[in-house]
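Please open the model in your viewer and keep the sequence panel beside it. The stops below tell you what to select next and what is there.

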Amino acid sequence: MINEELDPVIHVPARLRIVVTLAALPPGDDLSFTRLQDVIGLTPGNLITHLRKLDDAGYVTTEKNGSGVSARTAVALTNTGRAALDRYTTVLRQLLDSATPG
Amino acid sequence: MNEESGTTGGTDMDESPVLDPQGAAAVLQQARDRARRELAVRRPVLFLIWAVVVFVGYGAMWLSVRGQHPYRGPAWEALLLAFLLFVAAAGASANVVDRAASGVGGRSELQRGIFALALLAGFAALEIEKQALATAGASRPVTALFGQAIPLLVAGLVLLASCATASRLDWPRLAIGGWLLAVAAGGAWAGVVASLAVYALAGGVGIALMAAIEPQLRRS
């Protein structure tokens, strides 16, 4: 089955968008929670939920720095997350190729 | 698989249990395009800004010194124009970079700081060197020839050196850095007056050309 071959952690629109957005940054970079929310267009609650799932899978890390108004939560894609996205796109490409007639 | 399991309080509105490969490919592409649009610095805009500065700044200085016998140096109006253009371009560049880099932290943030510091240190060091040349007895045309190449020399060297820290080969940066160094070094052989015209044309047009071909080069 197609859905079993694709990584179920990433194979959800919101999480796919989060992982792809974070993968657009060079390795070693992170994105603030508020900017990620701005780019993805999710509510804070939704974003937290999806980030927790990605964190549980080891695909992202979240780190809170500072306190009060200067507090910043940094979200970064891990090497495992980057590799998972690579695998996901490879499988997806294979599925699309196999579905193409001819 | 039920993606709703494990979510909190029913707030998870974007869980889609069924996403076919075509749908997933579309989401992936849209997310990539959006991330590129939002998070990538619009370098063609930066190149265009600096192409104008180089072309107009050096061009104005050349217009004010051509035909001078003996050489006295650019008119203050031309120097003021170049300075104001430089300040305006620096502000506009910071704006373009901040727009993309807002919220981005980590290695890139550190690299941007070092890049700016390297530019400032390079300018300062070579300006001090120019004063040393004058103190050691170098004539006004000689110190002017050296001084007017400083912006291109520093920018070219820092751009080239910054390629070493990039996560992958950055052809546009490599090309423009090398070009600016070649223009600075080669243009000096045209003499103290004509070098300004060479810098304006070869430098300004070269950077503008890079603005046009940067997207293709970046993809290669």
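**A leucine in chain B**

Select Leu48(B) to begin: leaving aside its neighbours within four places in sequence, Leu48(B) is in contact with Ala208(B) and Ala211(B), where two residues are in contact if their C-beta atoms, placed from the backbone, lie within 7 Å. This is a predicted model, in which local features need pLDDT of at least 70 and side-chain atom pairs count only at pLDDT 80 or more, while totals for chains, interfaces and linings use all residues. Residues are numbered from 1 along each chain as its sequence is written, and chains are lettered from A and ligands numbered from 1 in the order in which they are written.

**Two helices of chain B**

Leu48(B) is found in helix H2 of chain B, and helices (H or I, at least four residues) and strands (E, at least two) are DSSP runs, numbered from the N terminus. Select H2(B), residues 43-65, together with H3(B), residues 76-101, which pack at an angle of about 175 degrees with their axes 9 Å apart. H2(B) is therefore roughly antiparallel to H3(B), a term for angles over 145 degrees. Among the residues that meet here are Trp50(B) in H2(B) and Phe86(B) in H3(B).

Now turn to chain A, whose secondary structure comes to five helices and three strands, and of whose 102 residues 40% count as buried. Along the sequence, these elements follow the pattern α-α-β-α-α-β-β-α.

How many residues of chain A are in contact with chain B? There are 34 of them, in contact with 32 residues of chain B, and H2(A) gives the most to the side of chain A that touches chain B, with six residues.

Methods: A residue is buried if 20 or more other C-beta atoms lie within 10 Å of its own, exposed if 12 or fewer, and partly exposed in between; C-beta atoms are placed from the backbone. Axes are lines fitted to C-alpha atoms, for helices over the stretch in contact, and angles run from 0 to 180 degrees between N-to-C directions. Angles under 35 degrees count as roughly parallel, over 145 as roughly antiparallel, 65 to 115 as roughly perpendicular and the rest as oblique.
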